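User: I would like to go through some of the labels used for this model and see what each one rests on. Please set the values against the definitions.

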Amino acid sequence: MVKVERSFPAPESLAEEAKKENGRGKYDKPDVIERLKNDFHNKCYICEMKELQDPNVEHLLPHKNGKYPERKFDWENLFWACGHCNGIKNNGKYDAGIVDCCKQDPEEYLDFQLKNDNVVIYVKNPGDEVYNRTALLITETFSLKNSGMRTYTSDERMRLLQKEMNLLYGQLEKLQKNPNAPIIMRTICSLLRRESAFAAFKRCYVRVHAEEYPQLQKYL
C-alpha cells in the first residue's frame with residue numbers, strides 16, 4: 001500500500017445518484033470507474049497488483065446496506081480494489097477502518113517485507129489499531145487460504161510479488177557491478193515508482209538497505 005493522489009472534484013454522477021430514493025442510486029457509474037482507475041493507476045490499493053481483471057469500487061468505510069448512507073456516495077470513501085482483496089476486507093473485523101492511503105502515507109507507518117516467501121508487515125507504532133488492522137489485511141491478502149479459490153488467488157499474488165521482487169534484485173545486482181550505467185538506473189527508478197506493482201515492498205527493501213544503495217534513497 002502506497003500513497004495515492006485522489007483527483008478532485010468528485011465525479012458528477014455521485015451527487016445525482018445520491019438523490020435517488022430507496023437506495024437505488026449507483027456509485028459505480030462510468031465516470032467513477034474511469035477516475036478511480038486513473039487515480040489508482042489500475043492497481044489494487046490493498047495488495048498493489050496491477051492491470052486488474054476483476055476491479056471493484058470498494059468502500060473504505062462500509063455503508064452497510066443503507067446504515068451509513070452518507071458513505072455510499074462519498075467520493076473520498078471510494079477506492080479501487082481487486083475482488084480478492086475486497087472479499088477479504090468484507091469482514092466485520094475491518095469495519096472500524098484501515099488507513100486512508102489518499103490522506104496518509106502508509107510507508108511512514110508500515111514496513112512491507114518479503115521474508116522466506118512470506119509477507120511480513122511491521123507496524124512502526126504497534127499501539128495504533130488502524131495500522132494494526134491494515135497490516136493484518138495486507139498480510140491476509142497474500143496468505144489467507146480458507147477456500148480453494150482464495151488459496152489460488154492468494155498464491156497468485158504471492159507469485160507476482162516474488163516475480164517483481166526478483167526483477168528488483170536482479171537490477172540491484174547489476175547496479176553494484178555497473179554503478180554508473182544509466183539504463184540500469186532508469187529501470188530501477190521505474191520499479192520504485194509508486195505507480196508500479198507491489199511498490200511498497202520494493203521501496204521498503206531499498207530503504208532498509210540504504211547503506212548499500214545510498215544513491216537510490218532520493219527516489220523513495
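Analyst: Helices here are DSSP runs of H or I with at least four residues, numbered from the N terminus. The model is a predicted one.

User: What makes the peptide bond from Phe8 to Pro9 cis?

Analyst: Its omega is near 0°.

User: Why is Gln171 called buried?

Analyst: Buried means under 20% relative accessible area. Gln171 has 15%, so it counts as buried. The residue sits in helix 6. Beyond its neighbours within four places in sequence, Gln171 is in contact with Ile184, Thr187, Ile188 and Leu191.

User: How do you know that the buried residues of helix 7 line one face?

Analyst: The buried residues of helix 7 (residues 182–192) are Ile184, Met185, Ile188, Cys189, Leu191 and Leu192. Viewed down the helix axis, they fall within an arc of 160°, so they line one face of helix 7. In general, an α-helix has 3.6 residues a turn, so residues three or four places apart point the same way. On the other side of helix 7, Ile183 and Arg186 are exposed.

User: Which helices do the buried residues of helix 7 pack against?

Analyst: They pack against helix 6 (148–177) and helix 8 (199–208).

User: How do you know that the length of helix 6 agrees with its number of residues?

Analyst: At 1.5 Å a residue, the 30 residues of helix 6 should span 44 Å, and the end C-alpha atoms are 44 Å apart, so the two agree.

User: How do helix 6 and helix 8 cross, and what makes the contact?

Analyst: Their axes come within 10 Å and cross at roughly 35°. Helix 6 passes helix 8 in a right-handed crossing. Helix 6 contributes Leu161, Glu164, Met165, Leu168, Tyr169 and Leu172, while helix 8 contributes Phe201, Lys202, Tyr205 and Val206. By class, the residues of this contact are eight nonpolar, no polar and two charged.

User: What are the labels for His41 and Asn42, buried or partly exposed?

Analyst: His41 has a relative accessible area of 35%, so it is partly exposed. Asn42 has 9%, and is therefore buried. His41 is found in the loop between helix 2 (30–39) and strand 1 (55–59), and Asn42 is also in the loop between helix 2 and strand 1.

User: What is phi for His41 and for Asn42?

Analyst: Phi of His41 is near 55°, a positive value in a residue other than glycine. For Asn42, again a residue other than glycine, phi is positive and near 50°.

Terms used. Residues are numbered from 1 along each chain as its sequence is written. This is a predicted model: local features need pLDDT of at least 70, side-chain atom pairs count only at pLDDT 80 or more; totals for chains, interfaces and linings use all residues. Side-chain values use heavy atoms; hydrogens and water are left out. Buried means under 20% relative accessible area, exposed over 50%, partly exposed in between (1.4 Å probe, protein chains only). Helices (H or I, at least four residues) and strands (E, at least two) are DSSP runs, numbered from the N terminus. The arc is that of the directions from the helix axis to the C-beta atoms. Contact means heavy atoms within 4.5 Å. Axes are lines fitted to C-alpha atoms, for helices over the stretch in contact, and angles run from 0 to 180 degrees between N-to-C directions. A crossing is left-handed if the near helix is turned anticlockwise from the far one by less than a right angle, and right-handed if clockwise. Ala, Val, Leu, Ile, Met, Phe, Trp, Tyr, Cys and Pro count as nonpolar, Asp, Glu, Lys and Arg as charged, and the others, Gly among them, as polar. The expected span of a helix is 1.5 Å times one less than its number of residues.
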